Amino acid sequence: MSEAAIAPPKRPFAPVQWVRQNLFNTWYNTVLTLVVGYLVVTSAGPLLNWVLFGATFTGESPSDCVGDGACWLFINQRLNFFIYGFYPDELQWRVDIMFALLAMVFIPQFIERFPARRWLGLFGLIGLPIAGYILIPGGLFGLEAVPTNKWGGLMLTLILAYVGILASLPIGILLALGRRSEMPIIRGLCVVFIEVWRAVPLITVLFMASVMLPLFLPEGMNFEKLLRALIGITLWQSAYMAEVVRGGLQAIPRGQYEAASALGLGYWKKMGLIVLPQALKLVIPGIVNTFIALFKDTTLVLIIGLFDVLGTVQSTITDPAWQNVAIEGYVFVAFCFWIFCFGMSRYSQNLERKLDTGHRT
């Protein structure tokens, strides 16, 4: 019998009945509804006036912000710095190409019938990092080199998050498989790695990678500060990802392992074709939750002197030329993070619905 045949009939939507059942069904829900409604009604007007009606959107200098609303002119004037950091103006077209490629890869993933959607996703995993390695730092094919100390803003935030996400997932899967391995040495090494990195805060990892690691390297050997931060973020995130994947592996019934072994499949075929696809599907919310946490944790790179989008805003709101624009700056940063985190959340929900095989009760 199909799922549509056994689904319960849909009830017609009745607004009055819904309000009674959900907002005024008990005396305390009635009180909470009235209090929240009062707060919403009394704050909506001032909030709209600050955001839209009394705000300043255009102008040439801080003196043009004379209204009682937000000074969005500050964001407009400093938007270039918030997005590119100290990246040279004449070379920002290379970053723009990467932004366009990023949009070209990920926006079609939300459109089910978009042609070549899978090929674009594959390009996002392989081609996009290669294109970024060529375009952003330069130094290849005649492109002018741009040192990493000039990278910053939203561009740096996306680089940290994208590289961390892309590298931590396969490493985390290998660590999870290693932790469940029957070979004691492999299992012990993976357990030690995971538990050590999970016990250390990311801020400590970044500090060690930036300050302490160069002290232990041989004389004359040094890495870019950004590269050290990327390695630290990837290893730290891989430990958390391993535990998420391990949860999915433990949820797979023992019969699946035995059935794959009965078919004569080797270890890697059994894991790659039978076990891992089911395990990863089960832990999609956990995986995306870890990705979102990583995206927000990229703001911690400010402590080692890297200016992500939050760092560029914080360094700008202290400018004496602009007065009382901290709220506008933080609202802009919150909006940027909300866009990407909400996008990842919606894509995971879409993917979860698409891969659902009817195991829900």
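**Close-up 1. Trp27 is an exposed residue in this predicted model.** The relative accessible area of Trp27 is 67%. Exposed requires over 50%, so Trp27 falls in that class. Tyr28 counts as partly exposed, at 45% relative accessibility. The rings of Trp27 and Tyr28 form a pair, with centres 5.6 Å apart. Their planes stand at 85°, so the pair is edge-to-face.

**Close-up 2. Phe110 and Tyr347 form an edge-to-face ring pair.** The ring centres of Phe110 and Tyr347 are 5.7 Å apart. The planes meet at 70°, so this pair is edge-to-face. Phe110 lies in the loop between helix 5 (92–106) and helix 6 (117–125). Tyr347 belongs to helix 16 (residues 326–355). The pair therefore ties together parts that are 237 residues apart in sequence. Phe110 is partly exposed, with a relative accessible area of 42%. Tyr347 is partly exposed, at 28%.

**Close-up 3. Four aromatic residues are linked into a cluster by ring pairs.** The members are Phe74, Phe82, Trp322 and Phe332. The model's count comes to 16 aromatic pairs. A pair needs ring centres within 6.5 Å.

**Close-up 4. The charged end of Arg198 sits over the ring of Tyr240.** The charged end of Arg198 is 5.7 Å from the centre of the Tyr240 ring.

**Close-up 5. Arg254 lies over the face of Tyr257.** Here the distance to the ring centre is 5.5 Å.

**Close-up 6. The second largest pocket has a volume of about 400 Å³.** Its lining is made up of 15 residues. Closest to the pocket centre are Arg180, Ser181, Glu182, Tyr267 and Met271. Helix 13 supplies the largest share, four residues. By residue class, the lining of this pocket divides into nine nonpolar, two polar and four charged residues.

Notes. Residues numbered from 1 in each chain as written. Predicted model: local features only at pLDDT ≥ 70, side-chain atom pairs only at ≥ 80, totals over all residues. Heavy atoms only, no water. 1 Å grid on protein atoms, 1.4 Å probe; cavity = no way out; pocket = protein on both sides within 12 Å on 5 of 7 lines; lining within 4 Å. Points joined across faces, edges and corners; volume = space filled by probe spheres on them. Helix = DSSP H or I, 4+ residues; strand = E, 2+ residues; numbered from the N terminus. Nonpolar A, V, L, I, M, F, W, Y, C, P; charged D, E, K, R; others polar. Phe/Tyr/Trp six-rings, centres within 6.5 Å; stacked < 30°, edge-to-face > 60°. Buried < 20%, exposed > 50% of the residue type's maximum accessible area, 1.4 Å probe, protein only. Lys NZ or Arg CZ within 6 Å of the ring centre and 35° of its normal.
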